[in-house]
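Please keep the sequence and the model in view while reading.

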Amino acid sequence: MNGSEAKTSPDILETVFMSFRNFLPNASNTNITILMAWEKTFEAGLIGQSALFARIGEISEILEEVNLQISSLDNLSEARKVRARSVVSLFIPAVTLANINNNAWSMTSNCSVENCGSLGFLGDALRPHFSENVLSEQDVSEILGVLEEVKTLLNQNDFPLRLKIILKRKLDVLIWRLKHPEFETLQQASDALGQATLTANQMEKLCPIDSSREAAADMRGKLFECFKKTSEVAERGGKMVVAGKIIYDVAKPLLG
């Protein structure tokens, strides 16, 4: 994706649900559940079950966000707002946890190509009012390189085991996120980088060995620079969400 492009929340939803629909069954007598379809969509084998449920939750939040965006548009008639919200409502059952073990066949008509395309049209309508910047391919490549460096430091040093496991999971999910920018907002990736930075900072404070403490400080510094870059790009595309701003304010003093 070109760094000069901007995307909207419906653009992300269109891409996500076009992928999701590829894993829906072709007949009602199959045993494929909605959860199984999400596992294939987000490659749960790579990112883990906890990260999978977090991603499903994020898609639910994006759907809610789009409804709020629709309601806030002054140049859209009430009738068109009702129609737009009805399109969004078709996809909510797929991210409702109470439905997660239902047969995925139930989502086949909701997630039709036509309905996914309607999300794209909705994105076009919202683009002048709600869009965000995206990272350039060069930025993504550089950040991925840094994350691999951090993983190497993580594997080569003696850190508190619990935090080491937590940070490794965060890094694996971050790498997956950055390789699939079409599936989420930049703000979400930036927030995840901020959380990884705070984990590295906690690791630095708890390291009993000087050499490991220095390595943790190095990881924290590398992650913070990546977080700062993504935050700056996200902020130029629109206001940072409250959660991202809190993480930024907490993480900023870490470099002194």
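Is Glu43 buried, exposed or partly exposed? Glu43 is partly exposed, because its relative accessible area is 32%; buried means under 20% relative accessible area, exposed means over 50%, and partly exposed lies in between, with a 1.4 Å probe and protein chains only. The model is predicted: local features need pLDDT of at least 70, side-chain atom pairs count only at pLDDT 80 or more, and totals for chains, interfaces and linings use all residues. Residues are numbered from 1 along each chain as its sequence is written, and side-chain values use heavy atoms, with hydrogens and water left out.

**Overall organisation**

- The protein has eleven helices and two strands; helices (H or I, at least four residues) and strands (E, at least two) are DSSP runs numbered from the N terminus.
- Along the sequence, these elements follow the pattern β-α-α-α-α-α-α-β-α-α-α-α-α.
- Of the 256 residues in the protein, 47% are buried.
- Among contacts (heavy atoms within 4.5 Å) between residues at least 6 apart in sequence, 76% join residues at least 24 apart.

**Helix packing**

- Two packed helices are described by the angle between their axes and the distance between the axes.
- Axes are lines fitted to C-alpha atoms, for helices over the stretch in contact, and angles run from 0 to 180 degrees between N-to-C directions.
- Helix 2 (residues 34-41) packs against helix 4 (residues 49-72) at about 100 degrees, and their axes are 10 Å apart.
- Helix 2 is therefore roughly perpendicular to helix 4; angles of 65 to 115 degrees count as roughly perpendicular, under 35 as roughly parallel, over 145 as roughly antiparallel and the rest as oblique.
- Leu35, Trp38 and Glu39 of helix 2 make this contact with Gln49, Leu52, Phe53 and Ile56 of helix 4.
- The axes of helix 4 and helix 5 cross at roughly 175 degrees and come within 10 Å, so helix 4 is roughly antiparallel to helix 5.
- In this second pairing, Leu63, Val66, Asn67, Ile70 and Ser71 of helix 4 meet Lys81, Ala84, Arg85 and Val88 of helix 5.

**Nonpolar cores**

- A nonpolar core is a set of buried Ala, Val, Leu, Ile, Met, Phe, Trp, Tyr and Cys residues joined through side-chain atoms within 4.5 Å.
- The largest nonpolar core has 39 residues, of which Phe17, Phe20, Trp38 and Phe42 touch the most other members.
- Helix 4 gives this core its largest share, eight residues.
- Leaving aside residues up to four places away in sequence, Trp38 touches Val16, Phe17, Phe20, Leu52, Ile56, Ala94, Val95 and Ile100.
- A second, separate core of 31 residues includes Leu167, Met203, Cys226 and Phe227.

- The whole structure holds seven aromatic pairs; rings of Phe, Tyr and Trp (its six-membered ring) pair if their centres lie within 6.5 Å, and planes under 30 degrees apart count as stacked, over 60 as edge-to-face and the rest as tilted.
- Phe42 and Trp176 form an edge-to-face pair, 5.9 Å centre to centre and with 80 degrees between the planes.
- Phe42 lies in the loop between helix 2 and helix 3 and Trp176 in helix 8, so the pair ties together parts that are 134 residues apart in sequence.
- Phe42 is buried at 0% relative accessible area, and Trp176 is buried at 6%.
- One aromatic cluster is formed by Phe17, Phe20, Trp38, Phe42, Phe91 and Trp176.
- Glu43 is also found in the loop between helix 2 and helix 3, and Glu43 has a positive phi of about 50 degrees although it is not a glycine.
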